[in-house]
Amino acid sequence: MSANAKITHFKTHDIRFPTSLTGDGTDAMNTDCDYSSAYISLYTDSPDKSLVGHGMTFTIGRGNDIVCAAIAEVANRLVGKNLEELFSDMGKTWDYLLADSQLRWIGPEKGVIHIATGAVDNALWDLFAKSRKKPLWKLIVDMSPEELVRSTAFRYITDAITPEEALEMLKAKQAGKAGREAKVREVGYPAYVTSAGWLGYDDEKIARLTREAVHAGFNHFKMKVGADIENDLRRGRLIRSIIDDPAEQRRPAPDPASIIGKNAGPTGAVLMIDANQVWDVPQAIEYVKGLESIKPWFIEEPTAPDDILGHAAVRRALAPYGIGVATGEHAHNRMVFKQLLQAEAIDVCQIDSCRLAGVSEVLSVLLMAAKFGVPVCPHAGGVGLCEYVIHLSLIDYIAVSGTMERNVLEFVDHLHEHFLHPCSINSQGRYNVPNKSEEGYSIEMYEESIAAYEWPGGSYWQKRAAEGK
Ligand SMILES: [Mg+2]
C-alpha cells in the first residue's frame, strides 16, 4: 500500500431485512424487528483499488436512515486523510472522530451519533486490517502491548483503569499469546444459541430448534422472557426437558470448570434468560424469583440499560437463588460499563460491537472487564453481529483476559448468507477462527444483497411495495 494513500470518499447504505415476517428476533420489548444494517464503505486511492473498508451498525428497522445520515456526518471527517497517519495511532484517530463539538452536542457519546461513530470506526479498523492482510483479531493480537494501549479509548475511565495498568496487564499476557492462539484455532471459541428462544416462536418450532442445537453440540441456550410468566415457565420447561435429556446429547460432557456457578442441569446444559429491559427493579426481582425452577444462569437486561444501581440491586436480590445478572448490549459507552463493574452490578459483561463506538472503545471495556475479573460474553443477536464479535472474543482471549473457560459468545443463525466471510460453527458448537487475509473485520456484504434489501429502493422492497404490502 502506498504511504500516501488517502480516503477519497464513502458511501452509506440503509439495508433492511424483513425478519418481522418470521418472528426472528422477537422478545418482550421488540415485537416486530426488521434486522437492519446502517452500512458504510470507505474508499481509498491506494494503488490496490480493492482496498475498501466496510463497517456497519445494527438497528431493527425504522430509523436506520437517521443513523445513515449521522454516519455521513462522522465519515466526512475522514475524507482526504492519510491512511498511515490514521493507523499509526488509532486511539488518537478515535478521539478525532469524536471531537466535532457540534456533533458531540447531539450525544455526547450516546444514541444515534455514537452508534454512527461505531460504524465509521469499525470501517476504519476493517481498512487497517485489510491493508495489513490480516483478519482484524490477528492485527490486534499481533500488536505490542504499547500499540494496543495506544489504540484504546481511555478518556473518562482512568479512575477504573489507567494506560499504565493496562500496559502491565497486557505485558503479563504476552508470553502465553502464541499458545492461546494455537489452542483456539484448534478447538474454536465457545458459543451459545439464542435462535431457539425467540418469543414469537410456537412450541413445536422451539422444540425442533432446541433439539437441532443440542445435536449440533451446543450446551448453552438462551430464551426470551418477560411477557407472561406462565408462558415463560412452559417454554423454559420445554427447553430444559430437551437439553437435560441424556438421550439427546451428541457431545462429550462439558469440562466441569466451564459450567461452575451456572445452574447447569444433569447433562451440563446451561440455560440463560433475557428480558430486554421490560421490568422495573422490584418487578424484575419478583418475576425472576418465579423462574427459579427452570434454573437460569443469569437474567439478561432485567431493567433499563442506564440503571446501574438498579442492576446492582437485582443482582444482590437474586444471588441467594443462584441467578446472576448480565447486561451491556444497550450500554451506550465505556463509562456505563465502568460503573456497572465498579458497582458490582453484573456477573457477565455483554459488549456490543457497534453500540460502543467501534473497536477502540471495545478495547477499553475488554481491559476493564479483565481487571475486574468479569467474563465478557458479547451480544450478537442481529445482522452482522456474529461476524463482528468472534474477532472481539478472540482478542479478549488471546491478548487481554487470557481465558475463555467460562465465556460463551452468542450465536444466532440468521442472515449470514449475505456476507462474503460469514462466521461458522464447528461440530462442537464453537465458533471457528476467521482466517482469511482479505476478510478484515468480516463485515463486507454481497453487492447483490445490498441491491435487493436497500431501503426503500432495493428490488425486494420494490416488489413488496408493488404487492401493496
Ligand atoms: Mg439480549
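Visitor: Over how many bridges do strand 1 and strand 2 pair?

Guide: First, a heads-up: this is a predicted model, where local features need pLDDT of at least 70 and side-chain atom pairs count only at pLDDT 80 or more, while totals for chains, interfaces and linings use all residues. Strands (E, at least two residues) and helices (H or I, at least four) are DSSP runs numbered from the N terminus, and two strands pair if DSSP finds at least two bridges between them. Strand 2 covers residues 36–44, and its antiparallel pairing with strand 1 runs over nine bridges.

Visitor: Which residue of strand 2 is the bridge partner of Asp14?

Guide: Residues are numbered from 1 along each chain as its sequence is written. Look in strand 2 for the partner of Asp14, and you'll land on Ala38.

Visitor: Which residues have the most contacts inside the largest nonpolar core?

Guide: A nonpolar core is a set of buried Ala, Val, Leu, Ile, Met, Phe, Trp, Tyr and Cys residues joined through C-beta atoms within 7 Å, and buried takes 20 or more other C-beta atoms within 10 Å. The largest one has 143 residues, and those with the most contacts in it are Ile71 and Phe221.

Visitor: Where does this core lie?

Guide: Domain bounds come from an automatic or database assignment, which gives two domains here: 7–135 + 447–466 and 177–431. Both give residues to the core, so it lies between domain 1 and domain 2.

Visitor: Which element gives the most to the side of domain 1 that touches domain 2?

Guide: Across the two domains, 32 residues of domain 1 are in contact with 31 of domain 2. Strand 3, helix 3 (90–97) and helix 5 each supply at least two residues of that side of domain 1. With nine residues, the top contributor is helix 5.

Methods
A residue is buried if 20 or more other C-beta atoms lie within 10 Å of its own, exposed if 12 or fewer, and partly exposed in between; C-beta atoms are placed from the backbone. Two residues are in contact if their C-beta atoms, placed from the backbone, lie within 7 Å.
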